[in-house]
Amino acid sequence: MSIKEKIASILFGQQPQKPEEEPPRPQVEQQEQTSSEIPAFAQEDPSIIKLAGEHPLHQLYNQRRREKGWLPAPWLCMDEDGVLPEELIRKEKPRLEAALKNVCNFRLKSIKSAGNKKKKDKKGEEESEEDTTPTGLDAFPWFFISSDKLYAWALVLPPTEQGKELSRNIFLQGMEEQNITYGVNQRLVDRLSHDENRYFNLFLIAQGKPAFDGKNGNIVDYFPRVVERVLQVDEFDQVDYTALNLIHNVKEGQEICRLIRPTEGEPGCTVLGQDIPAKSGKSVPLPKGRNTEISEDEDALVASVSGHVEFTGRSFQVKPVLDIDGDVDFSTGNIKFLGDVNIKGDVLTGFTVRAMGSVWVGGVIEAGSTVEAGGDLTVVKGILGDGTTTVRAQRCIFSKYIENATIYVRENLQTDAIINGNIYCDGEVLVRSGRGTIMGGRIWAAKRVSATTVGSKSECRTSIALGGLPCTNFEREQVQRELKNLEMELEKLECQLDSPVKSSLVSKVRVKLNTAELRLQQLEEDLLDIQEELEDRDEGRLECSVAYAGTEISIDDEMIRLRHEERQCVVKMVCGEIIVM
């Protein structure tokens with residue numbers, strides 16, 4: 001007996017019987033098998049169908065066995081080769097079991113009807129016993145088609161007595177009635193006509209071809225869409241401020257990104273010969289922005305000018321970079337530029353640099369100068385001010401050191417040392433590399449201040465403020481200072497004798513005064529609008545290795561002054577009080 005027959009015998013509790021004509025064979029006593037004795041692989045395999053003892057298939061099987069004396073046990077496995085998806089087995093197995101039960105019940109009714117008709121035709125003859133098997137039905141191939149019509153299984157029910165055995169023509173005729181025409185396993189069809197296991201066994205007779213949708217188009221970028229502003233600290237705890245790689249230069253005609261075109265879908269076919277349509281992939285547009293153009297083959301985006309590549313959220317654009325080979329001095333004058341500025345030298349005293357993009361300074365920003373950047377600001381050697389130096393950046397500032405300067409930064413500030421600086425930062429102030437010292441001045445950061453040393457042994461006044469909106473308050477202070485100066489100027493003009501010059505100057509000052517008042521009103525409204533948001537947000541914190549006595553720390557309206565030197569401390573607001581941990 002084959003392995004399949006043995007397993008099926010265990011599953012269905014049937015023992016093979018030998019025909020009476022054959023010589024008697026030695027009988028082996030077999031105990032009743034329990035479900036725990038079923039082979040592990042048969043219990044775990046979800047593709048094997050286990051039928052209850054009262055299933056009508058067993059009645060048909062027993063009738064056939066009584067006629068032939070011996071018959072291979074039923075074997076119902078949906079995926080004997082293990083190639084079908086588990087989801088398909090899980091979905092189709094209940095449908096197949098229900099359909100199999102219905103067809104077996106119908107077969108039993110057909111056999112009973114044929115037997116009753118035979119009894120009526122036998123006039124004058126003795127009626128047959130009740131357990132006599134009716135005759136007259138041919139072999140019946142039954143087909144089950146999956147719900148997606150991509151798979152078809154076959155199970156052949158045997159004939160009764162003089163009924164015709166399964167032949168290739170009968171099987172093909174059954175497939176034709178079910179319209180199964182595509183993906184048929186012809187070798188299996190030829191084998192079933194003479195295979196001893198052709199009855200009460202489930203076979204995967206046909207497989208369709210699934211449809212495959214095309215892949216969507218894609219964009220391959222040669223420049224980053226998000227710039228990572230991360231400083232690398234070497235083994236000597238030093239930062240190379242020249243190696244930020246914030247500016248991505250591109251030459252005219254150079255590719256910025258390339259288009260991967262979508263692919264066409266591959267249609268499929270069901271076992272019934274029906275076509276299955278497939279969707280083609282969707283195309284994506286090239287992110288064309290300012291100073292870029294699409295190549296002739298329409299597969300690439302190239303730069304139309306040399307400059308700096310930046311992704312603005314929807315498109316790539318090229319910002320021309322202004323290169324200053326030396327210092328910003330009388331040879332260049334004050335600089336106002338819509339793109340990025342790359343200064344290899346210093347920004348000398350009294351000069352102003354304003355750029356809509358990022359600013360890179362290879363030297364020093366000297367006292368009395370002003371630098372404003374719409375992006376990042378990088379100063380390789382440092383900022384050396386005299387109390388009037390003002391530096392602003394809408395993103396981050398990276399500088400070797402900061403001394404006697406007013407700094408306004410919307411995101412984060414990182415430096416080696418801050419000496420007597422006036423810092424307004426909406427993000428974090430990081431002073432951990434190099435000396436890592438904050439000495440004197442006032443640092444106001446919305447989120448966090450992290451430094452190696454805060455204050456000095458001489459207890460010079462060093463103020464750390466945390467939380468709030470430093471940059472907005474800085475702008476308000478600037479506008480208030482401007483208003484005060486304009487009011488004083490207007491008073492001086494009104495004291496002068498009437499003249500056309502006086503009228504012109506007064507008119508100009510009043511226009512500036514009205515503009516400043518509107519700006520101040522807008523800032524006040526902005527502060528009121530986000531007051532609730534500030535109350536829900538966690539206040540900032542101070543982290544330092546050493547905090548010397550004399551350091552003042554304020555959070556909201558609370559303020560403390562350190563009376564002793566603190567080491568490895570963290571200062572934050574807890575339950576309305578400033579705690580030093």
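Exposed means over 50% relative accessible area and buried means under 20%. These two cut-offs apply to the close-up views below, which are taken from a predicted model.

**View 1. The edge-to-face pair of Phe330 and Phe351**. A pair of aromatic rings is described by the distance of the centres and the angle of the planes. The model has 10 aromatic pairs. In the one shown here, the ring centres of Phe330 and Phe351 are 5.1 Å apart and the planes stand at 80°, so the pair is edge-to-face. The pair joins distant parts of the chain, 21 residues apart. Phe330 belongs to the loop between β13 (321-324) and β14 (335-337), and Phe351 to the loop between β15 (340-343) and β16 (352-355). Phe330 has a relative accessibility of 78% and therefore counts as exposed, whereas Phe351, at 8%, counts as buried.

**View 2. The tilted pair of Tyr408 and Phe474**. The centres of the Tyr408 and Phe474 rings lie 5.2 Å apart, and their planes are at 45°, so this pair is tilted. Tyr408 lies in strand β23 (residues 402-409) and Phe474 in helix α7 (residues 470-494). The pair links parts of the chain that are 66 residues apart. Tyr408 is buried, with 1% relative accessibility. Phe474 is also buried, with a relative accessible area of 3%.

**View 3. Arg392 over the ring of Tyr408**. The charged end of Arg392 sits over the Tyr408 ring, at 4.2 Å from the ring centre.

**View 4. An aromatic cluster with two tryptophans**. One cluster is formed by Trp142, Phe144, Tyr151 and Trp153.

**View 5. The largest cavity and its lining**. Rolling a probe the size of a water molecule over the atoms shows where empty space is left. Across the whole structure, the search finds 3 cavities of 30 Å³ or more, and the largest has a volume of about 70 Å³. The lining of the largest cavity consists of Leu60, Gln63, Arg64, Glu67, Arg107, Ile111, Leu157, Pro158, Pro159 and Thr160. Helix α3 provides the largest share, 4 residues. By class, the lining has 5 nonpolar, 2 polar and 3 charged residues.

Note on methods. Residues numbered from 1 in each chain as written. Predicted model: local features only at pLDDT ≥ 70, side-chain atom pairs only at ≥ 80, totals over all residues. Heavy atoms only, no water. Phe/Tyr/Trp six-rings, centres within 6.5 Å; stacked < 30°, edge-to-face > 60°. Helix = DSSP H or I, 4+ residues; strand = E, 2+ residues; numbered from the N terminus. Buried < 20%, exposed > 50% of the residue type's maximum accessible area, 1.4 Å probe, protein only. Lys NZ or Arg CZ within 6 Å of the ring centre and 35° of its normal. 1 Å grid on protein atoms, 1.4 Å probe; cavity = no way out; pocket = protein on both sides within 12 Å on 5 of 7 lines; lining within 4 Å. Points joined across faces, edges and corners; volume = space filled by probe spheres on them. Nonpolar A, V, L, I, M, F, W, Y, C, P; charged D, E, K, R; others polar.
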